Amino acid sequence: MKTSISNQHKAASAVLAAIVCASAMSISGCTSAGSPSEKSSITTTVAQAQETVSSSTAVSSQDTVTVSAKGSTRAVPDRAELHFGIRTQAETAEKAQQSNSTNVDAVVEVLTQNGIKEEDIQTTLYDVSPQYDWNTGDGTNVVGYSALSNLSVKNVSIDDAGKLITDCTEAGANEFNGISYSSTQYDTLYAEALKNAVAEAEAKAKLLAEAAGKDLGDVKAIVEGYQDMTYANSNQKVYASGMGAAEDSSSAANILPGQAEITAVVTVTYSLQ
């Protein structure tokens with residue numbers, strides 16, 4: 001490395017000398033020796049040549065290595081989001097809606113009695129649609145109406161999830177659309193994953209520097225990669241087919257969230273010496 005820089009200095013110095021000489025010769029043929037015009041021209045030419053030398057040296061000293069790495073942490077989720085459906089049918093749309101509202105109110109009451117805050121209960125879908133007789137005629141004969149309300153229930157303790165599913169089923173929730181898991185410690189866990197990612201990046205960079213016969217220098221830049229918010233936003237769904245299993249309280253209580261892997265990705269640039 002030092003030999004390369006020395007050679008570049010020598011080459012740049014030769015360029016500087018050549019430029020100065022050429023300028024001097026050019027000036028001597030156009031102006032009288034020692035005139036202000038001559039001195040100004042020589043000063044400008046020397047400055048430009050020095051800039052060329054500095055630029056050449058800077059390029060040689062900016063050797064870098066850039067690596068990307070992933071870090072992760074694991075934790076058992078401690079919160080669940082439950083997704084219920086309440087579907088009712090009747091001869092008229094009004095009666096289907098009335099029946100649906102009654103069942104929804106009953107489910108919400110069960111939830112609040114179990115400590116769920118109203119702001120954690122959200123209607124995610126409401127639909128009223130006609131029901132057709134497809135067994136006779138051309139399927140245009142309306143035989144009744146169906147009303148559907150989908151509820152999302154957030155911030156449920158994992159330990160309480162099984163009981164809530166059972167209680168809401170008994171209150172009128174006849175569809176169960178799955179469970180989402182999350183962790184209240186997500187921010188802390190993600191910070192740890194970031195640290196692990198940076199440490200992994202340094203280890204990779206050292207290997208590359210060693211392979212290139214150089215030493216790893218200071219960090220020049222760090223860029224955070226895509227952040228997977230799955231366990232912060234409760235998007236990890238486990239789907240269920242209907243409410244049959246939930247009607248048995250012993251089976252409904254077995255909610256197993258497993259382990260959540262929280263990851264972080266970074267790209268780090270180091271100098272090489």
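The model is predicted: local features need pLDDT of at least 70, side-chain atom pairs count only at pLDDT 80 or more, and totals for chains, interfaces and linings use all residues. Residues are numbered from 1 along each chain as its sequence is written, and side-chain values use heavy atoms, with hydrogens and water left out. The chain holds 7 helices and 8 strands. Helices (H or I, at least four residues) and strands (E, at least two) are DSSP runs, numbered from the N terminus.

**The chain as a whole**

- Of its 273 residues, 34% count as buried. Buried means under 20% relative accessible area, exposed means over 50%, and partly exposed lies in between (1.4 Å probe, protein chains only).
- The accessible surface comes to about 16000 Å². Carbon and sulfur atoms account for 50% of that surface. Such areas come from the Shrake-Rupley method with a 1.4 Å probe; for residues, only the protein chains shown count as cover.
- Take the contacts between residues at least 6 apart in sequence: 84% of them join residues at least 24 apart. Contact means heavy atoms within 4.5 Å.

**The sheet β1-β8-β6**

- This open sheet has 3 strands in the order β1-β8-β6, with antiparallel pairing. Two strands pair if DSSP finds at least two bridges between them.
- β1 (64-75) and β6 (216-224) stand at the edges. Each has a single partner strand, so one side of each is left without a neighbour in the sheet.
- Neighbouring strands of this sheet are turned by 30° against each other on average, direction ignored.
- β6 and β8 (residues 260-272) run antiparallel and are joined by 6 bridges. Within β8, Thr 269 stands opposite Ala 221.
- Helix α5 (residues 186-211) lies across β1, β6 and β8. It runs at about 145° to β1. Axes are lines fitted to C-alpha atoms, for helices over the stretch in contact, and angles run from 0 to 180 degrees between N-to-C directions.

**β2 and its partners**

- β2 is mostly covered, with 9 of its 12 residues buried.
- β2 and β4 run antiparallel, joined by 11 bridges. Here Gly 85 stands opposite Asn 150 in β4.
- β2 also pairs with β5 in the antiparallel sense, over 7 bridges. Gly 85 stands opposite Glu 175 in β5, and Ser 180 in β5 is the bridge partner of Glu 81.
- In β5, 6 of the 8 residues are buried, so this strand is largely enclosed by the rest of the structure.

**Aromatic pairs**

- The structure holds 2 aromatic pairs. Rings of Phe, Tyr and Trp (its six-membered ring) pair if their centres lie within 6.5 Å; planes under 30 degrees apart count as stacked, over 60 as edge-to-face and the rest as tilted.
- The ring centres of Phe 84 and Phe 176 are 5.8 Å apart and the planes stand at 45°, so the pair is tilted.
- This pair links distant parts of the chain, 92 residues apart: Phe 84 is in strand β2 (residues 79-90) and Phe 176 in strand β5 (residues 175-182).
- Phe 84 is buried at 0% relative accessibility. Phe 176 is buried too, at 7%.
- Tyr 186 and Tyr 190 form a stacked pair, 6.0 Å centre to centre with 10° between the planes. Both lie in helix α5, 4 residues apart, about one turn of the helix.

**Nonpolar cores**

- The largest nonpolar core has 33 residues. Such a core is a set of buried Ala, Val, Leu, Ile, Met, Phe, Trp, Tyr and Cys residues joined through side-chain atoms within 4.5 Å.
- Among the residues with the most contacts inside this core are Leu 82, Phe 84 and Val 156.
- α4 gives the most, with 6 residues.
- Leaving out residues up to four places away in sequence, Val 156 touches several residues, including Asp 78, Leu 82 and Leu 164.
- A second, separate core has 11 residues, among them Ala 69, Ala 201, Ala 205 and Val 268.

**An exposed loop residue**

- Glu 118 sits in the loop between α3 and β3 (121-132). Glu 118 is exposed, with a relative accessible area of 59%.
- The C-alpha atoms of Glu 118 and Val 108 are separated by 8.1 Å. These two residues are 10 apart along the chain.
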